[in-house]
Amino acid sequence: MSEVVLELKDVKKKYGSHKVLKGVNMTVNKGDIYGLVGKNGAGKTTLFKVVLGLSHFEEGSISIFGGTNRRENTRNRRKIGFFVGANFYGYLNARENLDYFRRLKGIKDKSEVDRVLELVGLNTNAAKKQAKMFSLGMKQRLGIANAMLGNPELLIFDEPTNGLDPQGIMDVRHMIQRVNQEYGTTIIVSSHILGELEHTAHRFGIVHEGILMKEMSQEDMRTQGQITSINVSDDDVEKAVKLLTDNGIRVKGTEKATTSLEDFYFGLIGGGEQ
Amino acid sequence: MMRRIVLTDLRRALKKKSFIICTSIVIVLMVIITIVAVVKPASLVGSDETSGKALAFLNNISIAFSMIPFLVGIPVFQTVFSDDFKSRTMQMAIGRGMSRRRLILARFYEVIALLAEVYVILTVITVVTGLVLGATFGGLGVVIGKLWFDMILIISEISIAMLILYMSQNTTGGLVMYILLVADAFRLILVMADMIPFLKNNGIKLSNILPGGVHGIAKDYLFGHVPTLSDVTEIGEDLAEGSAEAMKRILDGTVDVNYLKAFLYTSILVGVFIILPLVLSQAVFRKKELEF
């Protein structure tokens, strides 16, 4: 049985009378890339804030790396790196910001800053300007780099690809997979773009209106959501539909398969999946 | 972990332009005071031990120190707290497993360290210049002691402002409170209230319940036997009527020097206006929602 790094049991949280989390149960195993899927306002960020101790919850329990009480959970949070939003000093550049956080986290190895800068592609001249001059994409990258300082055992990324261009999105996707494979890091990543996580995560949690509706693995998704498609040429569609209907087979719908925008984009400009 | 956080943030703060500029202004002010004391013909008559120029210098030095709450206190407040809220570095520390209680303490220690750093620089300048100009160690000790005692008041005002800051999670609110305190705004209102006949007749001074009031009482008990340099100036120039009041009290032996009472009032200042606001800050901030 896999080691559980994070477990939430019946966690409830409200802001005033508005219930944001309505009894969330969630389990993240060691080595997982856990995709937290849900539309904006579903409760994903609140869930992360509760896990990180930035927000209090009224009911339920949380266990971080097996912690059984608040004190143990607080201590175990040192094993977490996270990116929930941009957090750095605008008047410092990328390297200075990361060096500040390296010290803050008690990481003695100075080369760690270069490692993460390279990992997120910020080892460029552009990164030498003050962080307040960064584009949204660069800020995202800097935040991700900060989360990865010191190779934490658990990484939490909240919407890490917001503001990134298609190549940036692809880079983050690859980086997440690389860090997971190379270091065995457990990663929880949230997004409201389903396709984004589909390519990356091993397990999924679907959040909707403060409830974790379902947790499933890639394997579950393949078997449970299986649809068989029969490809026919454009001219034969009507004939095929008639043939199936005449034989008592219900046709749910027909659609033309097209190249996805993502595929088209990368086909046009190059790059993308390597 | 707390020590690491304090030291890391101090390194950052000491490199911050606004802090460096404001500290430099105070130092420049000290240099100007020194130059004035050296160049200007001595307006004070020195004693056998202390030169007139040294007296002039020490007399003016309090001007530079009196700027500290504004010129240093405000940038310290901004550097430590505003950046913390604006850059959300606090969230980083808490998310990494630092308790909120310890985080507030860490920030408080940073404030003390930054203030102390400026005080040390000014003290060194004062001592060196004073000695060069012909002041005695004893005289310098008293002047410096009084100035360092004022630091307790600045710390208490920052501590009270911290309570507003952590309660509202709004740096502007905290900063406004700090400025009102150092500008003695609340005290001035209460001084007016002291004029109410009932309070006056019963010897009740509401203005004394504020940190500035308690600090003033403690300072009187501690340094009351030492004439201020303005006393000396006035006595030196003209021994007429009230100008020599302080000296007369000293000569008459009626001055109320009481180290025990000084300790008591200092304890009240520290306990009520530094520790209590800190503890309350920790309590109100315990369950605050932290945004990203």
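Reader: Taking two residues as in contact if their C-beta atoms, placed from the backbone, lie within 7 Å, how many residues does the contact take from chain A and from chain B?

Author: The contact takes 22 residues from chain A and 20 residues from chain B. This is a predicted model, in which local features need pLDDT of at least 70 and side-chain atom pairs count only at pLDDT 80 or more, while totals for chains, interfaces and linings use all residues. Residues are numbered from 1 along each chain as its sequence is written, and chains are lettered from A and ligands numbered from 1 in the order in which they are written.

Reader: Which elements give two or more residues to the side of chain B that touches chain A?

Author: They are α1 (2–15) and α5 (89–95) of chain B. Helices (H or I, at least four residues) and strands (E, at least two) are DSSP runs, numbered from the N terminus. With 6 residues, α5(B) provides the largest share of that side.

Reader: And by class, what does that side have?

Author: On chain B, the side touching chain A has 7 charged, 7 polar and 6 nonpolar residues. Here Ala, Val, Leu, Ile, Met, Phe, Trp, Tyr, Cys and Pro count as nonpolar, Asp, Glu, Lys and Arg as charged, and the others, Gly among them, as polar.

Reader: Turning to chain A, how many helices and strands are there?

Author: Chain A has 10 helices and 9 strands.

Reader: How many bridges join β5(A) to β6?

Author: There are 4 bridges between β5(A) and β6 (residues 154–158) of chain A, and the two strands run parallel. A:Ile80 has A:Leu154 in β6(A) as its bridge partner.

Reader: What does the domain assignment of chain A give?

Author: Domain 1 covers 4–224 and domain 2 covers 234–269, with bounds from an automatic or database domain assignment. The C-alpha centres of these two domains of chain A lie 38 Å apart.

Reader: Along its principal axes, what does the C-alpha trace of chain A span?

Author: The trace of chain A spans about 70 × 50 × 40 Å.

Note on methods. Pairing = 2+ DSSP bridges.
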